[in-house]
Amino acid sequence: MADRREGRVPHPGRCVVMGILNVTPDSFSDGGRYVDREHAVAHGVAMRDAGADLVDVGGESTRPGAGRVDAPTERDRVVPVIRDLVAEGVRVSVDTTRASVAEAAVAAGAVVVNDVSGGLADPHMAAAVAALRVPWILMHWRGHSDRMQELASYEDVIGEVRQELVARADAAVMAGVDPDRLILDPGLGFAKTASHNWALLRRLDVLVALGFPVLVGASRKRFLGQLLADAEGKVRPPAGRDGATAAVSALAAHAGAWGVRVHDVESTMDAVAVSTAYRLGASRARTGPWLGEPPA
């Protein structure tokens, strides 16, 4: 197995599973559950033990309407948790749009930077990631959480998201980031309506065809709650959306997604195992090397 410090994108021979760990008081699904450091670390270890390839630690909520926290607050939330998880042997990514937080997180042991702004929120992020030499997840983004829903206007959501992601990848490469370290994310729910989300999921092949690894983050999002609404139209709450999330994980894996980002690791590990067996026409181990050559 290659050394994880080489900064290569994980290729375990199946769809990568990222476990979500929000150390925030206000995230839409689990806000406040893991603000205690010991509890957060225990949950991260549990996700690793359930099969997660990465535990994605975030210290600033990006739910629709969320306000921003300052950089020192975000850094103080994530760095101690990352340091403790790494000490437990957990591979960690940091969910941040700030270069200073990314730098502190990688210094603490994080091996991937997950940037929901695709580098747009902080003009220093691209140079920082280039210097850090770690994989960088570029998500499609049009604005911060407090106004992103008013930006959900498209004439061709597939084409426009594709074009805007390509522009972010080009900008990253121009800033010195190794293109082999880039991962693209269509940004489900970020300046997207439910119909936009479903359209993007249905045509993931358009993004996969770009040649970059593609990450899908559908976990417990509102469009799944709307899909599962009861007879009176009441949206199903986040805690009841894990089955639908796992179904999306299986579909995304089958469509060629590199990875999925989820709250409930166990159900998605099962879904990915089914998708992998279906693709291969035979069962295989659920886990593989975290770093290595892409599957043939």
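The legends below accompany close-up views of a predicted model.

**Figure 1. Overall make-up of the predicted chain.** The secondary structure of this chain amounts to ten helices and eight strands. Of the 296 residues in the chain, 53% are buried. When contacts between residues at least 6 apart in sequence are considered, 69% of them join residues at least 24 apart.

Figure 2. Eight strands form an open sheet in the order β6-β5-β4-β3-β2-β1-β8-β7, and their pairing is parallel. The edges are taken by β6 (182-185) and β7 (215-216), each of which has a single partner strand, so one side of each is left without a neighbour in the sheet. Helix α1 (residues 37-50) packs on this sheet, where it touches both β1 (16-22) and β2 (54-58), and the direction of α1 makes about 170° with that of β1. Helix α9 (residues 242-254), in turn, lies across β7 and β8 (259-262) and runs at about 170° to β8.

**Figure 3. Strand β3 between its neighbours β2 and β4.** Strand β3 (residues 92-95) is joined to β4 by three bridges, the two strands running parallel, while the parallel pairing of β2 with β3 extends over four bridges. Asp95 takes part on both sides, for this residue of β3 is the bridge partner of Gly58 and also stands opposite Asn114 in β4. The side chains of β3 point in two directions, with Val92 and Val94 on one side and Ser93 and Asp95 on the other, and all of these residues are buried.

Figure 4. Strand β5 (residues 136-139) pairs with β4 in the parallel sense over three bridges, and Leu138 of β5 stands opposite Asp115.

**Figure 5. Packing of helix α5 against helix α6.** A pair of packed helices is described by the angle between the axes and the distance between them. For helix α5 (residues 157-174) and helix α6 (residues 194-202), the angle is about 75° and the axes lie 9 Å apart. Because angles of 65 to 115 degrees count as roughly perpendicular, α5 is roughly perpendicular to α6. Val157, Ile158 and Val161 make the contact from α5, and His196, Ala199 and Leu200 make it from α6. By type, the residues of this contact between α5 and α6 comprise five nonpolar, one polar and no charged.

Conventions
Residues numbered from 1 in each chain as written. Predicted model: local features only at pLDDT ≥ 70, side-chain atom pairs only at ≥ 80, totals over all residues. Heavy atoms only, no water. Pairing = 2+ DSSP bridges. Axes fitted to C-alpha atoms, helices over the stretch in contact; angles between N-to-C directions. Parallel < 35°, antiparallel > 145°, perpendicular 65-115°, else oblique. Contact = heavy atoms within 4.5 Å. Nonpolar A, V, L, I, M, F, W, Y, C, P; charged D, E, K, R; others polar. Buried < 20%, exposed > 50% of the residue type's maximum accessible area, 1.4 Å probe, protein only.
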